[in-house]
Amino acid sequence: MQTKLLEQLLNQWLTPELIADYCPNGLQLDSDKTINKVVTGVSATQALIDRAIEQQADAVLVHHGYFWKSEPAQIVGMKFQRLKKLINNEISLFAYHLPLDVHPEFGNNVQLAKLFELEAINPVEGVKPKGILMQAETKSATALTDFANLVERKLARKPLVISGGDFLINKVAICTGGGQSFIEQALTAGVDLFITGEVSEQTVHVATEMGIHFIAAGHHATERYGIKALGEYLAANTDIQVEFVDIDNPA
């Protein structure tokens with residue numbers, strides 16, 4: 001498959017044109033090479049690029065790509081070295097940020113909710129872009145300690161857990177990655193627990209003072225599953241070979 005055709009297909013599935021984002025979504029680095037193999041991963045780090053080269057991949061597909069709104073425009077240092085290796089090895093780069101977070105089928109939020117065995121997964125109404133904050137229900141009322149143990153077991157890392165009081169969990173809100181600022185929208189939605197990747201100092205105070213359980217389970221750890229699901233969907237619907245590579249990150 002040619003690069004432009006793959007971009008058209010991915011854009012058709014993810015509709016990036018509907019979402020204002022902090023980076024360009026879609027094809028970020030072109031190549032003339034026909035794409036037969038794709039390596040997927042959370043972030044387009046040097047380690048992921050090196051693995052793509054080892055695997056003789058023709059393209060890399062990630063959640064965190066390049067050219068963020070707040071970063072310097074100059075292609076120097078680390079950015080130069082990454083792009084140089086991609087160009088020298090004729091590897092295309094595709095990246096989807098918010099469109100992958102919010103997707104109703106293989107988005108980060110939906111995939112994490114499924115990983116935690118939650119049910120009735122739906123976007124929290126009124127929060128934009130739609131799907132950036134998802135809500136779901138537990139199969140039965142669950143103690144915070146039990147749910148935290150489930151998170152640790154599924155993600156293979158110990159999460160930060162803040163109790164909002166003495167009550168069980170029936171309803172959960174999720175915003176993966178750096179979504180801690182959505183805790184007040186989660187409160188408005190009436191959930192018992194809010195799960196995200198990162199934590200800010202004020203998030204702890206909101207949880208304890210406003211009475212909502214809070215779990216920060218890691219930015220990388222909570223965002224492994226959307227890009228993995230997208231890659232699996234790509235492999236199932238095309239002749240492209242896809243391999244997910246997890247370059248672990250404790251953050």
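Predicted model: local features only at pLDDT ≥ 70, side-chain atom pairs only at ≥ 80, totals over all residues.
Colleague: What percentage of the residues count as buried?
Modeller: The cut-off is under 20% relative accessible area. The protein has 251 residues. Those that count as buried come to 52%.

Colleague: Which radius of gyration does the protein have, and does it agree or disagree with a compact globule?
Modeller: A compact globule with 251 residues would have a radius of gyration near 18 Å. The C-alpha atoms fill a box of roughly 60 × 35 × 30 Å along the principal axes. The radius of gyration agrees with the globule value: the protein has 19 Å.

Colleague: How far apart are the mean positions of the positive and negative charges?
Modeller: The protein has 20 positive and 30 negative charges.

Colleague: Why are the buried residues of α2 on the same side?
Modeller: Helix α2 covers residues 46-54, and its buried residues are Leu48, Ile49 and Ala52. They lie on the same side of α2 because they cover an arc of only 100° around the axis. In general, an α-helix has 3.6 residues a turn, so residues three or four places apart point the same way. For α2, the value is that arc of 100°.

Colleague: What covers the buried residues of α2?
Modeller: Those residues are Leu48, Ile49 and Ala52. Their cover includes strands and a helix, namely β2 (37-43), β3 (59-64) and α3 (77-88).

Terms used:
Residues numbered from 1 in each chain as written. Heavy atoms only, no water. Buried < 20%, exposed > 50% of the residue type's maximum accessible area, 1.4 Å probe, protein only. Helix = DSSP H or I, 4+ residues; strand = E, 2+ residues; numbered from the N terminus. Arc of directions from axis to C-beta. Contact = heavy atoms within 4.5 Å. Rg over C-alpha atoms; globule rule 2.2 N^0.38 Å. Lys, Arg positive; Asp, Glu negative; His and termini not counted. Charge placed at Lys NZ, Arg CZ, Asp CG, Glu CD.
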